[in-house]
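Here is a short briefing on one structure. Please keep the sequence and the 3D view open while reading.

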Amino acid sequence: MSHIDSRNDDSVIAALDCIRHMCVSNRSNQNRMAGLGAGTILPLICNLPIRFITSMDEKSDSMFAAICAVCLDNCACMRLLRQNMSPLLVIEYLQFSETYTSSRLNTRWRHDYLQYFTQEFSQAV
């Protein structure tokens, strides 16, 4: 997915938002995102163009909110995340996003995600 043209960003953001909604507190859908084979969604999300990581706008919000929803309380998804992206990136994003209001991550979710990813990262190190 790294070859995505920026003209398609709105479509990618919409897809990420759908993934987030499908996976919040739904282990079955989380597991689908980490399924085996070429259609595995989580690695594709982790390998989005760098502008999704660094933009600190709706691109970053959508990407990290989807990653958090897919991985929260799911060991298989966290294992797959570690293979494709450092959880430290997620932690740094969650810490930074506390300084502004994100429509995709309310304060309670951000706190829960930050606590979970920090704990998972400390266990992995």
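This is a predicted model: local features need pLDDT of at least 70, side-chain atom pairs count only at pLDDT 80 or more; totals for chains, interfaces and linings use all residues.

Helix α1 spans residues 9–23, and helix α5 spans residues 58–71. The largest pocket holds about 160 Å³ of space.

**Helix pair α1 and α5**

- The axes of α1 and α5 come within 8 Å. They cross at roughly 25 degrees.
- Angles under 35 degrees count as roughly parallel, so α1 is roughly parallel to α5.
- The crossing of α1 and α5 is left-handed.
- On the α1 side, the contact residues are Asp9, Asp10, Ile13, Leu16, Asp17, Ile19, Arg20 and Cys23.
- On the α5 side, they are Glu58, Lys59, Ser62, Met63, Ala65, Ala66, Ala69 and Val70.
- By class, the residues of this contact are nine nonpolar, one polar and six charged.

**Largest pocket**

- In the largest pocket, with about 160 Å³ of space, 13 residues form the lining.
- Closest to the pocket centre are Val24, Ser25, Leu72, Asp73 and Tyr113.
- Helices α2 (27–33) and α8 (107–124) each supply at least two lining residues.
- The largest share comes from α8, with four residues.
- The lining divides into six nonpolar, three polar and four charged residues.

Technical notes:
Residues are numbered from 1 along each chain as its sequence is written. Side-chain values use heavy atoms; hydrogens and water are left out. On a 1 Å grid over the protein atoms alone, a cavity is a set of points where a 1.4 Å probe fits but cannot get out, and a pocket is an open set with protein on both sides within 12 Å along at least five of seven lines; lining residues have an atom within 4 Å of a point. Grid points are joined across faces, edges and corners, and a volume is the space filled by probe spheres set on the points. Ala, Val, Leu, Ile, Met, Phe, Trp, Tyr, Cys and Pro count as nonpolar, Asp, Glu, Lys and Arg as charged, and the others, Gly among them, as polar. Axes are lines fitted to C-alpha atoms, for helices over the stretch in contact, and angles run from 0 to 180 degrees between N-to-C directions. Angles under 35 degrees count as roughly parallel, over 145 as roughly antiparallel, 65 to 115 as roughly perpendicular and the rest as oblique. A crossing is left-handed if the near helix is turned anticlockwise from the far one by less than a right angle, and right-handed if clockwise. Contact means heavy atoms within 4.5 Å.
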